[in-house]
Structure formats: C-alpha cells, structure tokens
Amino acid sequence: MPSYSMHSGECALMDKKEYQKRARQVEPPRPIARNAFWAFLVGGTICLVGQIVQAVLLSTGFTEETVKAPTAIIMVFLGALFTAVGLYDRLTPLGGMGASLPITGFANAVVAPAIEFKNEGAVMGTGARIFQIAGPVIAYGLFAAFVIGILRYALRGVWS
Amino acid sequence: MSVTEVALEGRGHLAFANPPLLAAWATVAGKKETQGPLGRHFDRIVRDETMGEKTFERAERKLFTSAVELVLSLSGRHASDVDLIFAGDLLDQIVTANFAARDIGIPLVGVYGACSTSSESLLLAAMSVASGTARRAIAATASHHMSAERQYRYPIELGVQRLPTSQWTATGAAAFLVEDAREARSQKAPAQGDGPTLRIVSATVGRVQDYGIKDPNNMGAAMAPAAADTILRHLQGSGHAVEDFDLILTGDLGRVGHPLLELLLAEERIHPKERLRDAGILLYAPDQAVDAGGSGAACSALVCGAMALPRLRRGEMRRMLLVATGSLHSPRTYQQGESIPTIAHAVEVEAVR
C-alpha cells in the first residue's frame, strides 16, 4: 500500500489543471452530426407546418402583410397545446435547437413553468415563475429593441 | 462515545470494535429503475410516478415512508424498537425525511450529503449502534427524478436536450436497519434468507474535494476525486489491500466519473479492476437514455440493497465497500460560477458465518 498523503490540503491526488484536462478527455463527444440532422428535420417540420398555416390563411383573404400575426398566434397555440399534453418535452431532446428556436419553442418555455409551478399557487407559483425560462428572452429582446430604436432615431429621425 | 468502542484510526477512519449488524434492508424502486438490469431484485415496485399524490414532493415522501415501513416489516421490528433514524434526501431543507418523520415517530437525525446520503446515514447509524448510543438505528434515503429535476434543473414539460455527461436522478428509496449484535442475538430477526450475518466493521468519513469542475451536468467528473480520496484513506485506515474486497461499489460516478476514478487510483498504484463497480452504471441499461448513468440519493442505496447486500447474504461475496459520492453544490452556487465541492463516505460490510 503506497502511502497516500492524508494530511496535505486539497488536490492531493493530481494537479487541478491536469485533472480537468483528463476529465475533458473521457467526456463522451457530443453527437454533433446527429444533433444537426435532427435539429434540421424537427425545426424544418415545425416551419413547414407554419408555412401551411400561412398558406391556408392567405387563401382565406389575409394579405402578405396581415397574415404574420395570426400565423404566429396559431403556432404559439400549437406549441402550448403540445406542451400541455406532454409531447413537446419529448420533441426537444431529439430536435434540440430545432425545437427550441421556433416560436413554438418559446410557447413551450412559457407554458412549461406555468404548469410546473401550479402546485405552488396561482400568484407565487404560476404567476411568479411563468417567465422563469422566457424572461431573459423578453428582457433582452426589449433591451435590444430599445437600443435599435435609439440607433434608428439617431440615424434617420423619428418620422422617416 | 468511548474510545474503545469506536476507534479513530487516523483521520476519519472508524473501526468498530463491536461491529453492528446490518440486519435488514428494503428497496422501493420506480418504473424506469424496474426496467433496468436490477429490476427483479427490488423489494417493492412503484409504477405510478406520482403514487396517487398531488405533487412529486409528496410522492417522494411516500417512497421514503414505504421503504422504512418495509424494512421494519421485513425485520419483524416495530418503530418503537428503533432508537434513531438517520435520513436525508436531495430536496431543499431535506423535506422528504423531515416531513416523513412526522408520521414515523422514530427520533430523527436529518442528514444532507446529496447523493452520498445513503452511505453517510449508514455510517452514522453504524457509529451510533457501535458506540452503544442506540440499540437499533435505521438509515434511509429517497430521491425522485421529477422532484429533483424541478429543484436542480428545468420544469418537467420544458424540452431540454440532455448532454452525454448528464446523469439521471433515480426514483426510489431504501432503508437499512443496523442492530447491536448482542441485541440481535437475544431477539433474532427473521433475516432476509438464512445466509451469513452481515456486519459493518469499519467506515471512513469523507473529506470535501474540489478539483475545479464547474459543470453540474458532469457530476461524475466532479465526484471521482472524492471517491478516490475516501477509498485510499479507507485502505490505509483499515490496512486492507484492494484485493481483500469482492466489491467496491461507488455511487454515482457514471460512465464519465468511473474511468476517472480508475485513473486517479492507478496514479496511486491501486488497480481494483473488476472489483470496482459503479451504481450509476449498474442501475440502468445503456439503452434507457440515461446518458452517463444514474444518480440521486436513491441510486447507490438501491444498487446496494438490490444487488450487493443480497450477494453478501447468499455467501457469494465476503467483503464490500460502499462508497456513495455526493455533489455538494446548489443551483445558486452554480449560477454564481462556483466550482462543485464533492464528498464520499465509505462503509465496509463483511459477511460472517
């Protein structure tokens, strides 16, 4: 039995940096090609559904300009519905960003915590936690819009 | 506690002059755990993940209570025969153990050691019985995949892509009954089988280790040094060679932490080879989508109770070391950019005719 130092401080086994290097070496690689393939397929399918919804709306008399909002509303509804019936959380492990990035993923990010914290009550649960995941997107989205708005004003004036 | 009863052999190594018996144990496992390789060996199976309860936290509590009740009924003891219960879980303020103890009625020592709670509570139960403080003590722990996800990670319905280094918190509970050997002789428990008697001969209290791993999705890498430190100190304290053990069961390093532990031990010229097994790898089959393997307070306790202890009882093994490992971070310390401190506690169990 070689004498292992019981009295030295932390990291007696191996240099910290060396250990972290070894730890990275045994990490299984992320299946990037497979993930990209499924992200394309899942994300593409969601966008295809969105395209179909848009085409149907256009045929009912919406114009290219007015069709955007109702399409987004329907896609958000579908994302929320799939979350509520417990299907969206099965789609994302496969599709990754392909499922998270479209507007349906945003709906999932809002509805999931809303369901999750139901047990903690309507105010401190659902109400307080509903934007737990989507909050940063909203906060920085607003901030970015503000900055861009200021820039646009500075460059072109308010009315142009 | 007198020095003669529990001798401190070096720092943190406890040798029990009067080894307490590991008289009985009980495991309760969830559905996914039952579909794994150890599925047939659990004492009770729970297929409904909510157990008919309104919240997952309540379901976890029910798992815990059912393991404690089961160990009492398997051993033919009553709650009033047990002096102390050492128990903990993964939830904030260890609410599972604390709330469940309201109804159990045994004096409670709440324990938090994250996923090392199983061996930490077993170590404390053995220590209290060996020192004569308690005639009988129970060590118990539980974890629930859903309640752990809620607390440590994301809402359940939120779609998240898991990483290959992620581990899967096990749903289940286990309880272990530790008895004074003299007490057991005068009042023999209907043992689980009539094999050899199981004794807890020594234990090693872990030292907190931190090798700067910050990723909570890679707890195996964070915990491997804690397991290595405790195993080396246990070998040194007990005077055993690694070959004296039929099994060194770590929990839960998973497929990433396990090779790192082998590497750290090899640096010290210790080669446990196939003796060294990991509960996180054993609990689930590779096709169960758990990525690097299982984790959670129940994981090592389930594998120990369903696989390791029965093999000791059947006489297939003579000596084992349970080394449960725990990541001691919280979601908040992780968000603040802190690295993950980890710990491992070892309990040595031997089978004697």
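Which residue in E15(B) is the bridge partner of B:Leu198? Hold that thought. We will come back to it after a tour of both chains.

One caution before we start. This is a predicted model.

Let's begin with chain A. Chain A has eight helices and zero strands. Read from the N terminus, its elements run α-α-α-α-α-α-α-α. Its radius of gyration is 24 Å, well over the 15 Å that the globule rule gives for 160 residues, so chain A is more spread out than a compact globule. Its C-alpha trace spans about 85 × 45 × 40 Å along the principal axes.

What about burial in chain A? Of its 160 residues, 26% are buried. Now contacts. Take those with a separation of 6 or more. In chain A, 46% of them join residues 24 or more positions apart. The chain exposes about 10500 Å², and carbon and sulfur atoms supply 71% of that. As for charge, there are 13 positive and 9 negative charges, and their mean positions are 4 Å apart.

One residue in chain A deserves a stop. A:Thr104 lies in helix H6, which covers residues 103–116. Is A:Thr104 buried or exposed? The cut-off for buried is under 20% relative accessible area. A:Thr104 has 5% relative accessibility, so it counts as buried. Which residues does A:Thr104 touch, leaving out those up to four places away in sequence? The list is A:Ile46, A:Met75, A:Gly79, A:Tyr88 and A:Ala99.

Over to chain B. Here we have 11 helices and 15 strands. The radius of gyration of chain B is 18 Å, close to the 20 Å from the globule rule for 353 residues, so the chain is as compact as a globular protein of that length. Its C-alpha atoms fill a box of roughly 55 × 50 × 35 Å, taken along the principal axes.

Buried residues make up 66% of the 353. Among contacts with a separation of 6 or more, 78% are between residues 24 or more positions apart. The accessible surface comes to about 12400 Å², with 49% belonging to carbon and sulfur atoms. Chain B carries 36 positive and 40 negative side chains. The centres of those two sets lie 3 Å apart.

Start with E2, residues 13–16. B:His13 and B:Ala15 point one way from this strand. B:Leu14 and B:Phe16 point the other way. Are these four buried or exposed? All are buried.

Next, the partner of E2(B). That is strand E10, residues 197–204, and the two pair in the antiparallel sense over three bridges. Who faces whom? B:Leu14 stands opposite B:Ala203. B:Ala15 stands opposite B:Ser202.

Stay with E10(B) for a moment. Six of its eight residues are buried, so this strand is largely enclosed by the rest of the structure. E10(B) also pairs with strand E15, residues 342–352. How many bridges join E10(B) to E15(B)? Seven, and these strands run antiparallel.

The bridge partner of B:Leu198 in E15(B) is B:Ala351.

To recap with the two chains. Chain A has eight helices and zero strands. Chain B has 11 helices and 15 strands. That's the tour. Thank you.

Note on methods:
Residues are numbered from 1 along each chain as its sequence is written. Chains are lettered from A and ligands numbered from 1 in the order in which they are written. This is a predicted model: local features need pLDDT of at least 70, side-chain atom pairs count only at pLDDT 80 or more; totals for chains, interfaces and linings use all residues. Side-chain values use heavy atoms; hydrogens and water are left out. The radius of gyration is taken over C-alpha atoms; the globule rule is 2.2 Å times the number of residues to the power 0.38. Buried means under 20% relative accessible area, exposed over 50%, partly exposed in between (1.4 Å probe, protein chains only). Contact means heavy atoms within 4.5 Å. Accessible areas come from the Shrake-Rupley method with a 1.4 Å probe; for residues, only the protein chains shown count as cover. Lys and Arg count as positive and Asp and Glu as negative; His and the chain ends are not counted. The place of a charge is taken as NZ of Lys, CZ of Arg, CG of Asp or CD of Glu. Two strands pair if DSSP finds at least two bridges between them.
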